[in-house]
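Me: Please take one part of this model and look at it closely. I would like the pairing worked through in a connected way, with the cut-offs behind each term.

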Amino acid sequence: MADQPVPAGPQQLSATGVLTPEQIAATKIWLEQKWTAGGCPFHGPTTWEIDNHAAIVPAGPVLGGTVFTLIVVSCAICRFTVFVNGLTAGIFAPGIAPVATPTIIPIEASETETAGS
Ligand SMILES: [Zn+2]
């Protein structure tokens, strides 16, 4: 894993739900430490793949309420899938990072006057 980014501690999940390379690397480390049985329950030895998108699941029927931020781990052979709670596993910091607001630069009055004439 020499080419893997070194996790710098939990980071908030991005608003797009895409994991950072650091979050994926931290998940691989977590799986190696915690999931020692390793094999797929359907056929045994396998390679586990971490999706680069998190699954965001509402904790109840109210929109805007609590959500679970889950890391999607799938068997490379049969696609059996498990969810790892990214918050309790220490991969995600609490909350979801806000969407970056684009900077709006107002057009100068002199530019709008000359543009139409
Ligand atoms: Zn499998």
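Reply: **The sheet and its setting**

Of the 117 residues in the chain, 12% count as buried, where buried requires 20 or more other C-beta atoms within 10 Å of a residue's own, exposed means 12 or fewer, partly exposed lies in between, and C-beta atoms are placed from the backbone. The model is predicted, with local features needing pLDDT of at least 70 and side-chain atom pairs counting only at pLDDT 80 or more, while totals for chains, interfaces and linings use all residues. Residues are numbered from 1 along each chain as its sequence is written.

pLDDT is the predictor's confidence in each residue, from 0 to 100. The chain averages 86, and 86% of its residues score at least 70.

There are two helices and five strands, in the order β-α-β-β-β-β-α from the N terminus. These elements are DSSP runs numbered from the N terminus: helices are H or I with at least four residues, strands are E with at least two. Among them, S4 has the highest mean pLDDT (96), and helix H2 (residues 109-115) the lowest (58).

The part to examine is an open sheet of three strands, ordered S2-S3-S4 and paired antiparallel. Its edge strands, S2 (48-58) and S4 (81-85), each pair on one side only. From one strand to the next, the twist averages 35°. Pairing here requires at least two DSSP bridges between two strands.

Eight bridges connect S2 and S3 in the antiparallel sense; Ile56, for instance, has Thr69 in S3 as its bridge partner. Strand S3 (residues 67-75) is also antiparallel to S4, over five bridges. S3 and S4 form a hairpin with five residues between them, and Arg79 in the turn has a positive phi of about 70°. In a regular strand the side chains alternate between the two faces of the sheet.

Helix H1 (residues 21-34) packs on this sheet and touches S2, S3 and S4; its direction makes about 105° with that of S2. Such angles run from 0 to 180 degrees between N-to-C directions, with axes as lines fitted to C-alpha atoms, for helices over the stretch in contact. A contact means that the C-beta atoms of two residues, placed from the backbone, lie within 7 Å. Across the chain, 49% of the contacts between residues at least 6 apart in sequence join residues at least 24 apart.
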